[in-house]
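Here is a short report on one protein and the molecule it holds. Look at the structure, then read on.

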Amino acid sequence: MVTTESIPLFRHYPGLSERLPYISLGEFPTPIDRLTNLGASAGSDKLYIKREDQSGRVYGGNKIRKLEFLLAEALQSGAKEVLTFGAAGSNHCLATAIYARKLGLRSISMLIPQPNARNISQNLLMGYHQGAELHHYNNSFLVKLETKYQLLKHRLKTGRFPYVIPPGGSSPLGVVGTVNAAFELKEQVREGVMPEPDRIYVAFSTMGTATGLMLGLAAAKMKSRVICVRTAEKKLVTEEKLRTLFNRTSSWLHSLDASFPNLRYPEMSLEINDDFFGEEYGLFTREAVSAMKLIKEKEGITLEGTYT
Ligand SMILES: *Cc1c(COP(=O)(O)O)cnc(C)c1O
């Protein structure tokens, strides 16, 4: 049951708990670790990591926060299936398949190709194992076309249209999950888990995570700056899209609970870092591979190469 106590965002804005669909799926708050060894080798004694990878017992990552809202709405709508999109190795599609299934929903993944790597076949196999229906198309134009066909086909089969989740779960409702993450961080800072961060680095692809964090930090009156490290093609990851998503989410939350501030996209505080993007999305760069090795060796943390 949703109560005003469920999550930090609802504790701050009880009005939102009455109006937003929400179902608890993950293990929150995610812990914060101090990276003493990695920090020492990078010349900083104030390096921390928020372990979003530990957000779920079966499967973690940043998508669970979004799915707690999106799948709650899917259930509310009476859908029997969810349909979503991603590249072949999409963490989002896999997380959706796993958590949808827990709630008794089937999932349909509309996938496009990406460079091959071990984690791609792992994710595909795990998704298949979770009973997800996997469809593969050569490009996103075909996906658009075929989505209509799949929606109709499933409507005829089950009597209901599948609930559609955008790529990465980055709709205003999905973004609310990461707005909540900022309030969660604020509580951890208040409890003394870590000092208020100067900068928060996030990998940046469908932009929901960065958008929600920026909005949440501003609403929570925290001063941390968000640095978005771009991992996808420039034409897909634009400041214009981020601004639209930010403003839509903010004014929507304000309309649901007037005590949530109606913030406008902050032109000044955004920083997009383009330095680490390789030739294409999902193609590991040499730097990413050595970064994965370094954090494994110094801190025992396993990362992957698409977002590292
Ligand atoms: C999806 C994903 C991201 C990017 O988050 P967006 O909200 O799509 O920008 C970063 N890291 C990992 C591991 C992811 O799976």
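Predicted model: local features only at pLDDT ≥ 70, side-chain atom pairs only at ≥ 80, totals over all residues.

Residues are numbered from 1 along each chain as its sequence is written, and side-chain values use heavy atoms, with hydrogens and water left out.

## The ligand

How many residues surround the ligand? The shell holds 13 residues, and the closest are Lys 63, Lys 66, Asn 91, Thr 206 and Thr 209.

Helices (H or I, at least four residues) and strands (E, at least two) are DSSP runs, numbered from the N terminus.

By class, the shell has four nonpolar, seven polar and two charged residues. Here Ala, Val, Leu, Ile, Met, Phe, Trp, Tyr, Cys and Pro count as nonpolar, Asp, Glu, Lys and Arg as charged, and the others, Gly among them, as polar.

| Residue | Part of residue | Distance to a ligand oxygen |
|---|---|---|
| Asn 62 | side-chain N or O atom | 3.1 Å |
| Gly 208 | backbone N or O atom | 3.3 Å |
| Thr 209 | side-chain N or O atom | 2.7 Å |

Taken alone, the ligand exposes 380 Å², and the protein buries 86% of that. Accessible areas come from the Shrake-Rupley method with a 1.4 Å probe; for residues, only the protein chains shown count as cover.

## Backbone details

A cis peptide bond joins Phe 28 and Pro 29, with omega at about 0°. Pro 29 sits in the loop between helix H2 (14–19) and strand E1 (32–34).

Met 207 is not a glycine, yet its phi is positive, near 80°. Met 207 belongs to the loop between E7 and H9. Is Met 207 buried or exposed? Met 207 counts as buried because its relative accessible area is 5%. Buried means under 20% relative accessible area, exposed over 50%, and partly exposed in between (1.4 Å probe, protein chains only).

Lys 221 also has a positive phi, near 55°. Its loop runs between H9 and strand E8 (225–230). Lys 221 has 72% relative accessibility, so it counts as exposed.

## Two residues up close

Arg 101 is part of helix H5 (residues 91–102). Its relative accessibility is 45%, so Arg 101 is partly exposed. Leaving aside neighbours within four places in sequence, Arg 101 is in contact (heavy atoms within 4.5 Å) with Thr 96, His 129, Gln 130 and Gly 131. The side chain of Arg 101 reaches the backbone oxygen of His 129 at 3.2 Å.

Glu 27 lies in the loop between H2 and E1. At 33% relative accessibility, Glu 27 is partly exposed. Not counting residues up to four places away in sequence, Glu 27 touches Gln 54, Ser 55, Gly 56 and Arg 57. The side chains of Glu 27 and Arg 57 make a polar contact at 3.3 Å.

Definitions and conventions. Near = heavy atom within 4 Å. Polar contact = N/O pair within 3.5 Å; in protein donor to acceptor, adjacent residues only side chain to side chain.
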